[in-house]
Amino acid sequence: MSAELAQQLLLKTLLPLSLLIAAGGIWPRWQAGISIVSLRGEINRLVLNFFAPMLFFAAGASATVDLGLLQVPLLLGAATLFGLGLAALALFATPLGHGLSRPERGAIMLASGFGNVLFFGYPFLSTVFGEPGTRYPFFADMLATTPLVWSLGVWIAFRCGRHEEHASFLAMWLRLPPVWGFAAGLAINLSGLSLAPLVEAARWAGSPTIPLMLFVLGLTIPWHDLRPQKAVFVALAIKLALMPLLALGLAQAWPGTLSEPAQAGILEAAMPTMVMVIALADRFGLDTRLAGLIMGWSTLVGLATLPFWLVVVKGVAS
C-alpha cells in the first residue's frame with residue numbers, strides 16, 4: 001500500500017467513519033432524556049424506506065455489469081457460509097459453547113458471519129478503488145449478504161431465539177425497499193436507457209444513507225459495557241481473521257491474477273459485524289446485549305484490521 005493511499009484511507013475513510021460512530025455514541029449524552037431505541041428506530045425506518053432505495057437505485061443504474069463483478073458476492077457468500085459454519089461447529093461441538101444458552105449461541109453465530117459490507121464497505125472500497133469501487137458493496141450486499149441474512153440468518157435466529165415469530169424469507173425479502181430500488185436500477189442499466197439526470201438525482205437523494213447508518217452504529221454500540229469475554233474473542237477471530245483468510249485462499253485459486261473484484265471480495269469478507277444483527281437478535285429473542293458487545297468490539301478492532309488486510313491484498317496482487 002502506497003503512502004498516498006494510506007493517507008487517503010486515514011483522512012477520507014477511517015477518520016470520518018470514526019467521527020460519525022463517535023457522534024452516535026456521544027449524542028444521547030448531550031441530549032438529556034432522549035430515547036436511544038426510538039431515535040435508532042426512526043432513523044432505521046427513514047433509511048430503509050427512502051434514502052437506501054435511492055442509493056441502491058443509483059448504484060444499480062450506473063454500475064458497469066460484467067462477469068468479473070460476480071467474484072465479489074461469490075467470495076463474500078462463501079466466506080459468510082464458512083464463518084457461520086465454523087461458529088456453529090465451535091459453539092455446538094467444542095467446549096467453547098459450554099455454559100452458553102441457545103440465544104447466546106445464536107447471537108454469536110450471526111455476529112461471526114455477517115459483516116457491515118455496505119455501510120463500512122462503501123466508504124472503504126470507494127477510497128481504495130476510486131469510482132469503480134463504489135459498485136462492489138451494492139452487489140455484495142444484494143447478491144450475497146441480504147439473501148443470506150434473510151434466509152439462513154433468519155433460520156438461525158428462529159431456531160436459537162425465544163420468540164413467537166413465523167418467518168417467511170421470501171415475503172420479508174420482497175418487502176425490502178432497497179431490493180426494489182436495486183432491481184429498478186439494474187433494469188434501467190441493462191435496458192440501455194439514458195437517464196443520467198434521474199440517476200444523479202437518486203444518488204444525491206440517497207447520499208445520507210451511509211452517514212446516518214454509521215451514526216446509528218454509534219448509537220447501538222454498548223459503550224458502557226465493552227468488557228471483552230470469551231464469546232467476543234471467538235466471534236472476532238472468525239469475522240476479522242478467518243473469513244478474509246478463506247476469501248483470500250479462494251481468490252488465489254481463481255485462474256489468473258488477483259483481480260480488483262476479487263480484492264474487493266476479500267476486503268468485504270473482512271468487514272466488522274453488521275448492525276442488522278442487533279435487529280435480528282431483538283426480533284427473534286436472541287441475546288441482544290451479547291450481539292451488541294461483539295458488534296462494538298468488531299467495529300473498533302476492524303478499524304485496525306481492515307488496513308492490515310488491505311496491505312495483504314495489495315501485496316498478493318502486486
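The model is predicted, so local features need pLDDT of at least 70 and side-chain atom pairs count only at pLDDT 80 or more, while totals for chains, interfaces and linings use all residues. Residues are numbered from 1 along each chain as its sequence is written, and side-chain values use heavy atoms, with hydrogens and water left out.

I begin with the cores. A nonpolar core is a set of buried Ala, Val, Leu, Ile, Met, Phe, Trp, Tyr and Cys residues joined through side-chain atoms within 4.5 Å. Buried means under 20% relative accessible area, exposed over 50%, and partly exposed in between, for a 1.4 Å probe and protein chains only. The largest nonpolar core comprises 98 residues, and those with the most contacts inside it include Ile108, Phe120 and Leu267. Helix α6 (residues 136-160) contributes the most to this core, 13 residues; helices are DSSP runs of H or I with at least four residues, numbered from the N terminus. Apart from this core lies another, of six residues, among them Phe57 and Ile188.

Phenylalanine 120 touches, among others, Leu17, Leu217, Met271 and Leu306, not counting residues up to four places away in sequence. Contact here means heavy atoms within 4.5 Å.

I turn to the aromatic rings. The structure holds eight aromatic pairs. Rings of Phe, Tyr and Trp (its six-membered ring) pair if their centres lie within 6.5 Å; planes under 30 degrees apart count as stacked, over 60 as edge-to-face and the rest as tilted. Tryptophan 27 and phenylalanine 215 form an edge-to-face pair, 6.3 Å centre to centre with 70° between the planes. Tryptophan 27 belongs to helix α1 (residues 3-30) and phenylalanine 215 to helix α10 (residues 209-220), so this pair ties together parts 188 residues apart in sequence. Tryptophan 27 is partly exposed because its relative accessibility is 33%, whereas phenylalanine 215, at 15%, counts as buried. A cluster linked by ring pairs comprises Phe56, Tyr122, Phe138, Phe139 and Phe182.

Finally, the helix packing. Helix α2 (residues 36-62) and α6 pack at an angle of about 105°, with their axes 10 Å apart. Axes are lines fitted to C-alpha atoms, for helices over the stretch in contact, and angles run from 0 to 180 degrees between N-to-C directions. Helix α2 is therefore roughly perpendicular to α6, a class that spans 65 to 115 degrees. Leu55, Phe56 and Ala59 in α2 meet Phe138, Asp141 and Met142 in α6.

Notes. Helix = DSSP H or I, 4+ residues; strand = E, 2+ residues; numbered from the N terminus. Parallel < 35°, antiparallel > 145°, perpendicular 65-115°, else oblique.
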